[in-house]
Amino acid sequence: MGSNLSTPDHIEDCDEIQDWLDDPNNFDKQKIAYIKRDQIMYGRYNTDNIINYAIKINGIMTIEKLKNKKKALFLKNIDQILDKEDFPDINIKDMWNKFHIKEEDYNITNGYVIINKKWNNINSMLIDEFFNNCTKHELDTIGW
């Protein structure tokens with residue numbers, strides 16, 4: 001699902017956007033409206049927002065955020081050990097070294113951690129392809 005080549009200069013003049021605003025629960029119309037909105041606001045081939053959108057929907061994250069997530073999960077694990085008072089016979093450094101987020105759950109591309117494999121080609125996507133790969137929940141999260 002793409003959009004035709006004719007894109008007006010203003011959102012108010014775009015029939016596809018107006019169609020979606022008249023039928024906001026229609027997922028197909030929503031995708032087309034988002035594509036048209038970005039083409040009108042940023043240009044047909046502008047991909048600058050794709051990374052920000054993917055971060056917002058938790059499809060990708062920065063390496064720093066992955067490190068922070070690992071720390072948070074590790075601390076949660078320590079908290080559970082303390083709650084149960086079931087202390088393992090291992091020092092904290094060894095626990096940290098054994099604690100990891102499975103590498104098959106993500107890969108790293110151009111400095112971003114790809115969490116959802118459908119975004120593996122994010123660096124080569126145009127806005128049409130990006131929005132057509134989004135779920136309704138993801139589009140709602142990105143917001144109008």
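In this predicted model, Cys 134 is buried, because its relative accessibility is 4%. Cys 134 takes part in no disulfide. The nearest cysteine sulfur belongs to Cys 14 and lies 18 Å away. Cys 14 is likewise buried, at 0% relative accessibility. A disulfide is a covalent bond between the sulfur atoms of two cysteines. The cut-off applied here is 2.5 Å between the sulfur atoms. For Cys 14, the closest cysteine sulfur is that of Cys 134, and the 18 Å separation is too far for a bond. The disulfide count is 0.

Salt bridges are present instead. A search of the whole structure returns 5 salt bridges. One of them joins Lys 31 to Asp 28, with an N to O distance of 3.9 Å. This value falls under the 4 Å limit for a salt bridge. Both residues belong to helix α2, which spans residues 27-42. Lys 31 and Asp 28 are separated by about one helical turn, because they are 3 residues apart in that helix. Lys 31 is buried, since its relative accessible area is 9%. Asp 28 has a relative accessible area of 38% and is therefore partly exposed.

A salt bridge also connects the side chains of Arg 37 and Asp 38, at 2.8 Å from N to O. Arg 37 and Asp 38 are both buried.

Glu 138 pairs with Lys 118 in a further salt bridge. The closest N and O atoms of Glu 138 and Lys 118 are 2.9 Å apart. This pair links distant parts of the chain, 20 residues apart. Glu 138 sits in helix α7 (residues 136-142). Lys 118 sits in the loop between β3 (112-114) and α6 (127-133). With 9% relative accessibility, Glu 138 is classed as buried. Lys 118 is partly exposed, with a relative accessible area of 27%.

Charge also collects on the surface. Asp 9, Glu 12, Asp 13, Asp 15, Asp 19 and Asp 22 form a patch of negative charge there. Asp 22 lies in helix α1, which covers residues 15-22. Its relative accessibility is 67%, so Asp 22 counts as exposed. Membership of a patch requires over 30% relative accessible area and no salt bridge.

Technical notes
Residues numbered from 1 in each chain as written. Predicted model: local features only at pLDDT ≥ 70, side-chain atom pairs only at ≥ 80, totals over all residues. Heavy atoms only, no water. Patch = residues over 30% accessible without salt bridge, like charges linked within 9 Å, V, L, I, M, F, W, Y side chains within 5 Å. Areas by Shrake-Rupley, 256 points an atom, 1.4 Å probe, with all protein chains shown as cover. Lys, Arg positive; Asp, Glu negative; His and termini not counted. Charge placed at Lys NZ, Arg CZ, Asp CG, Glu CD. Helix = DSSP H or I, 4+ residues; strand = E, 2+ residues; numbered from the N terminus. Buried < 20%, exposed > 50% of the residue type's maximum accessible area, 1.4 Å probe, protein only.
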